[in-house]
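Biologist: I have not looked at this one before. Can you walk me through some of its helix packing?

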Amino acid sequence: MLRSAFPLVFQFPHRRKPPPIPPRPPPVRRYASPAAAAVPPLPPASAYVHLPFCRKRCHYCDFPIVALGSSSPPPRGDGDGDDPRISDYVRLLLREVAATRPVSDDGVPLETIFFGGGTPSLVPPKLVAAVLDALRAKFGLSACPEVSIEMDPGTFDAAKLRDLVGVGVNRVSLGVQAFQEGLLRSCGRAHGLREVHEAVGIVTGCDGLQNWSMDLISSLPNQTQDMWEESLRCTIDARPTHVSVYDLQIEQGTKFGQMYTPGVFPLPNETDSANFYKIASKRLSEAGYKHYEISSYCKTGYECKHNVTYWQNRPFYAFGLGSASYINGVRFSRPRRMKDYADWVQKLEDGTWCPESSTSELKDMAMDSVMLSLRTASGLDLHRFSKSFGKNLTLSLCTMFRPFVESGLVIAMDTERQALQLSEFDVDLENKGDTGSRVAFIRLSDPDGFLLSNELISLAFGIISP
């Protein structure tokens, strides 16, 4: 299953088959090259914090979580009777924060923090506050940081949400997934439709909270077009500032992985799944949402700043079980098992853990740049790409994309990101991008180009790494 925050382990694709919507930050991959070393890396200004607790494991979930079962905390906000599994984990998390050395000595403060899971809304607000205090003390916070938290219906009440806002949370990502009772049950979700409506009412009625997102999943078992249309209507009626729409991914080792085969009934076939995507793009765009990334829509000015960090391939800290950071050109994934994670934190404190050092070819960095950029409406900055990876590679990519510019799956844009005609694109190819070049960006069209992102990005990978 794909998540809006992709804060945990954003699965980088096999080089020949990128996934349609990578959900999380990249796992361990280490970059070092003479070209990269010539430019000092930016210090991180974002932090992901993994809070792995759930009431139960959903049938599509393959994330590292701790299922609390019937002993899950109640939704009330008073914090009585803290679960020791949660408080013990937060203490471990705080130890990791304390043992982490800031990348920059210049005191670059954090501009975004994302609490993902799991179901972070199961964690008492006072423990969320403790983590925020630790991050503030270690790294500093900007004047107006974006502080997001994932919340599931049925895990919070108005008092708890007020308390979270009171300690600094200013953005909520509400994991609704569907507006049909039967679909929620078939996914193994712990909440029902009544809890969904209650949660929406609590979020929309919370003073001091204007920025919130709703998550939906398409291509669920037995999901019909009418059901999908209904979920989109209910979402639009709720008026979130941001919507994330994900296509169900069947992962090995999950209950769905044991029950179903992708594309085989009761799962929708490929044509139906593509139709779901097109319907979402149309309905949400008509409702005033900007489709700024393959799976993400927002009202003007409400892009998820934290997620934009990932799409722009900027560095970020990460803390907690299984989380992946990207610092100084190094991607590192923490252990996914609690005991292993605790042992790793101890080594971090003792100074006996050191990140592995290895080199990766410049082509790996080029592939990352292409994959992440083409997932966004902003597209790939050809001028920047050319400076980083060379004019010849940039021209080879443009030549490969030319048939798709002609078909409309790829859009060439000028410096103002205005679409250019094929003839203008051809002139640049003929001039080999020299003086007078007008093509500054290329992007995938919405929705047809986005739907073929697997194939188009795979073709680009083939040019970069034959």
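This is a predicted model: local features need pLDDT of at least 70, side-chain atom pairs count only at pLDDT 80 or more; totals for chains, interfaces and linings use all residues.

Biologist: How do you describe two packed helices?
Modeller: By the angle between their axes and the distance between the axes.

Biologist: Fine. At what angle do H7 and H9 cross?
Modeller: The axes of H7, residues 225-238, and H9, residues 270-286, cross at roughly 25°. They come within 10 Å.

Biologist: Parallel or antiparallel, then?
Modeller: Angles under 35 degrees count as roughly parallel, so H7 and H9 are roughly parallel to each other.

Biologist: Is the crossing of H7 and H9 left-handed or right-handed?
Modeller: H7 passes H9 in a right-handed crossing.

Biologist: Which residues meet there?
Modeller: From H7, Gln225, Trp228, Glu229, Leu232 and Ile236. On the H9 side they meet Asn275, Phe276, Ile279, Ala280, Arg283 and Leu284.

Biologist: What classes are those?
Modeller: The contact of H7 with H9 has seven nonpolar residues, two polar and two charged.

Biologist: Other pair now. How do H12 and H17 pack?
Modeller: H12 covers residues 362-373 and H17 covers residues 453-464. Their axes are 10 Å apart, at an angle of about 160°.

Biologist: And which way do they run?
Modeller: Angles over 145 degrees count as roughly antiparallel, so H12 and H17 are roughly antiparallel to each other. H12 passes H17 in a right-handed crossing.

Biologist: Who makes the contact?
Modeller: H12 contributes Lys363, Ala366, Met367, Val370 and Met371. H17 contributes Ile457, Ala460, Phe461 and Ile464.

Biologist: How many of those in the contact of H12 with H17 are charged?
Modeller: One is charged, eight are nonpolar and no residue there is polar.

Notes. Residues are numbered from 1 along each chain as its sequence is written. Side-chain values use heavy atoms; hydrogens and water are left out. Axes are lines fitted to C-alpha atoms, for helices over the stretch in contact, and angles run from 0 to 180 degrees between N-to-C directions. Helices (H or I, at least four residues) and strands (E, at least two) are DSSP runs, numbered from the N terminus. Angles under 35 degrees count as roughly parallel, over 145 as roughly antiparallel, 65 to 115 as roughly perpendicular and the rest as oblique. A crossing is left-handed if the near helix is turned anticlockwise from the far one by less than a right angle, and right-handed if clockwise. Contact means heavy atoms within 4.5 Å. Ala, Val, Leu, Ile, Met, Phe, Trp, Tyr, Cys and Pro count as nonpolar, Asp, Glu, Lys and Arg as charged, and the others, Gly among them, as polar.
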